[in-house]
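Hi there,

Here is the structure I promised to pass on. My notes follow below it, arranged by helix.

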Amino acid sequence: MSSPAPRLASIDVFRAITMFLMIFVNDLWTLKEIPAWLEHTQAKEDGMGLADTVFPAFLFIVGLSIPFAITGRLAKGQSKKIIIGHILFRGIALLVMGFFHVNLESYNSEAALLPKPFWQILLTLSFFLIWLDYPRNTGKNKSRWLQGVGIALLVFLAIVYKGNNGEWMQPHWWGILGLIGWSYLLCAIIFVLANGRLAITIAALAFFLLFNIAAHAGWLNFLQPVKEYIWIVGDGAMPALVLAGVLAAQLYSSSKRIFLPLALIAAAFLAGGFLLRPYWGISKIMATPSWVMICTAISILFFAALIFITDINKKHNWFSIIRPAGTSTLTAYLLPYIHYALYSLAGISLPLMLRTGMVGIIKSLLYALVIILITGLLEKWKLRLKI
């Protein structure tokens, strides 16, 4: 594997912009009369809106981070066994959070012990207690005690949970964090076991793309009996997006003449996406091959632009106001869960005029910015999650 590279502004800024957009599009449900191109398209609708490009961009960023994080750990003398243990810890943490979040969607306040907003706040608090990046001066005993409280709270919340039909929690679709967790686990372990060889990355990316195509073409229908028990997340779509990020990062690490290779790869993905569009359309919800390829191309081109702006021309200060979203990303993602729950408990609702059309869009943009500014404040107070 190559020697570790310094922290790249392009990746941090990419992550910050993506998280800003994720908070923004996640707030669109509060608005009325906004352009359709901002929102998700329907499952069987051929097309995509801005919201359909955000999650794949985040998966791409997960892939961008993997080579730098793992080579950095190897440079510190960590063994593969320790690194794989760390990967498992991070992946399981994301799966746990995703599992609880997806069940939040079907929470039944009438059947459960706690009202949904209260359960949601306590859930987010438990995540903070368990996965907070405790300052060194906290002391091991105190941090472990607080993590123990968080785990106990999480167990309690699981015990009192009731779904729509009175059922207990079920994996369903694992949620955003869970999908990231499965994809990260798979791709990071592949990278470690392959010793970061570029040929293996390309082969694995091709495999997951072909798996995604085969699943949509019906070529894998004979595996239907086992699909309920073991399957590749997103029919291969999610790992493909992560591995595309891994590939981009490896190419960037090996050569500074990166723009032509990235442009050619993006062009190939765009061509593939539009060539396959007549067969299954572009659909995020269905995770079609066209959606995977087009979103990969968009992410590659955006990454290339950020390399030029931040790494080469050193203009990363242009994005300083949203910097905390790139350095305390999980914190920024979880904070709205507290805000929405508090608003629900208080019975607060903004006037319709502030939630309609362009005014509403500006409101949601400002909301995303405020969440990130609060994240930055918490970061200064040493309150940030780290897995």
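The buried residues of H10 are Leu262, Ala266, Phe269, Gly272, Gly273 and Leu276. Please keep in mind that this is a predicted model. The cover over those buried residues includes H7, H9 and H11. H10 runs over residues 259-280, and its 22 residues should span 32 Å at 1.5 Å a residue; the end C-alpha atoms lie 31 Å apart, which agrees. Just after H10 comes Gly281, with a positive phi of about 75°.

**H7 against H9**

H7 (residues 198-217) and H9 (residues 237-254) meet at an angle of about 155°, and their axes are 9 Å apart. Since angles over 145 degrees count as roughly antiparallel, H7 and H9 are therefore roughly antiparallel to each other. Their crossing is left-handed. On the H7 side, the contact residues include Leu198, Ile202, Leu205, Phe208 and Leu209; on the H9 side, they include Pro239, Leu243, Val246, Leu247 and Leu251. By class, the residues of this contact are 14 nonpolar, three polar and no charged.

How much of H9 is buried? The answer is 16 of its 18 residues, so to speak a mostly covered helix. From first C-alpha to last, H9 reaches 26 Å, close to the 26 Å expected at 1.5 Å a residue.

**H2 against H11**

H11 (residues 289-312) packs with H2 (residues 51-75) at an angle of about 65°, with the axes 9 Å apart. The crossing of H2 and H11 is right-handed. From H2, the residues in the contact are Asp52, Thr53, Pro56, Ala57, Phe60 and Leu64. They meet Trp291, Cys295, Ile298, Ser299, Ile300 and Phe303 of H11. This contact has nine nonpolar, two polar and one charged residues.

Tyr340 and Phe24 are 316 residues apart in sequence, and their C-alpha atoms are 14 Å apart in space.

Best wishes

Terms used: Residues numbered from 1 in each chain as written. Predicted model: local features only at pLDDT ≥ 70, side-chain atom pairs only at ≥ 80, totals over all residues. Heavy atoms only, no water. Axes fitted to C-alpha atoms, helices over the stretch in contact; angles between N-to-C directions. Helix = DSSP H or I, 4+ residues; strand = E, 2+ residues; numbered from the N terminus. Parallel < 35°, antiparallel > 145°, perpendicular 65-115°, else oblique. Left-handed = near helix turned anticlockwise from the far one by under 90°. Contact = heavy atoms within 4.5 Å. Nonpolar A, V, L, I, M, F, W, Y, C, P; charged D, E, K, R; others polar. Expected span 1.5 Å × (residues − 1). Buried < 20%, exposed > 50% of the residue type's maximum accessible area, 1.4 Å probe, protein only.
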